[in-house]
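Here is a short report for a reader new to this structure. Take a first look at the fold, then read on.

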Amino acid sequence: MRPSRRFGFEQMGSRYDFTTRLLIAIDTSGSVGSEDLGRYLNVTTSFFKYGIQQIDVLMFDAKVQGKPLALTDAKKNIKELKVCGRGGTDFQAPVDYAVEHPEYDGLIIITDGFAPCPNTEHLRTKLLWVIDNESSYRNNYEHLRKTGRVCLLER
């Protein structure tokens, strides 16, 4: 415990450790080009780390590809990072993974937006959609907005 800056030792302050855990799902389907995939990885590795205990990166296309990788490991081995998938896109795969692993406080899906909207009725975490394509953003905004927040990643 620390002394309060306002009241000194009369009312001791408190310290709380950060407990936020995020899961970032990166779309590695065939509709995402290599240049776009590089942008997704750059955005992921440049996330602001303060206040977040754990960030895991998960790759998916029609299914989840492998196990999540800690962001610190992804930053260290960005050159050797092997991209898995390159098939069709199914947003239900990362949503189901987040449902099966309730220790995550939030799910961020970085995608080009070319897939049907997933069923999120059992998802208990917050969901953020990051779409890199302005036309896809305009086409999918209304129905993705019902599942979580939607934002556009500008080029």
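In helix α1, the buried residues are Asp-36, Leu-37, Arg-39, Tyr-40, Leu-41, Thr-44 and Thr-45. The cover over them includes β3 (21-27), β4 (54-60), α2 (71-76) and β6 (106-111). All of this is read from a predicted model.

Helix α1 covers residues 34-45, which makes 12 residues.

What is the strand order of the open sheet? The 6 strands run β5-β4-β3-β6-β7-β8, and their pairing is mixed. β5 (64-70) and β8 (149-152) stand at the edges. Each has a single partner strand, so one side of each lacks a neighbour in the sheet. On average, neighbouring strands are turned by 20 degrees against each other, direction ignored.

Helix α1 packs on this sheet and touches β3, β4 and β6. The direction of α1 makes about 170 degrees with that of β3. Helix α3 (residues 92-100) lies across β3, β4, β5 and β6. The angle between α3 and β6 is about 165 degrees.

**Strand pairs**

β6 and β7 are parallel and share 6 bridges. Across this pair, Leu-107 has Leu-127 in β7 as its bridge partner. Strand β7 (residues 126-131) is also parallel to β8, with 4 bridges between them. Here Val-130 is the bridge partner of Cys-151 in β8. Ile-131 stands opposite Leu-152, also in β8. Between β7 and β8 the chain passes through helix α4 (residues 134-144). This β-α-β crossover is right-handed.

**The cysteines**

How many disulfides are there? The count is 0. A disulfide needs two cysteine sulfur atoms within 2.5 Å. The sulfur of Cys-117 is 15 Å from the closest cysteine sulfur, that of Cys-151, so the gap is too far for a bond. Cys-151 is likewise in no disulfide, its nearest cysteine sulfur being that of Cys-117.

Technical notes:
Residues are numbered from 1 along each chain as its sequence is written. This is a predicted model: local features need pLDDT of at least 70, side-chain atom pairs count only at pLDDT 80 or more; totals for chains, interfaces and linings use all residues. Side-chain values use heavy atoms; hydrogens and water are left out. Helices (H or I, at least four residues) and strands (E, at least two) are DSSP runs, numbered from the N terminus. The expected span of a helix is 1.5 Å times one less than its number of residues. Buried means under 20% relative accessible area, exposed over 50%, partly exposed in between (1.4 Å probe, protein chains only). Contact means heavy atoms within 4.5 Å. Two strands pair if DSSP finds at least two bridges between them. Axes are lines fitted to C-alpha atoms, for helices over the stretch in contact, and angles run from 0 to 180 degrees between N-to-C directions. A crossover is right-handed if, with the strands pointing away from the viewer, the path from the first strand over the helix to the second runs clockwise.
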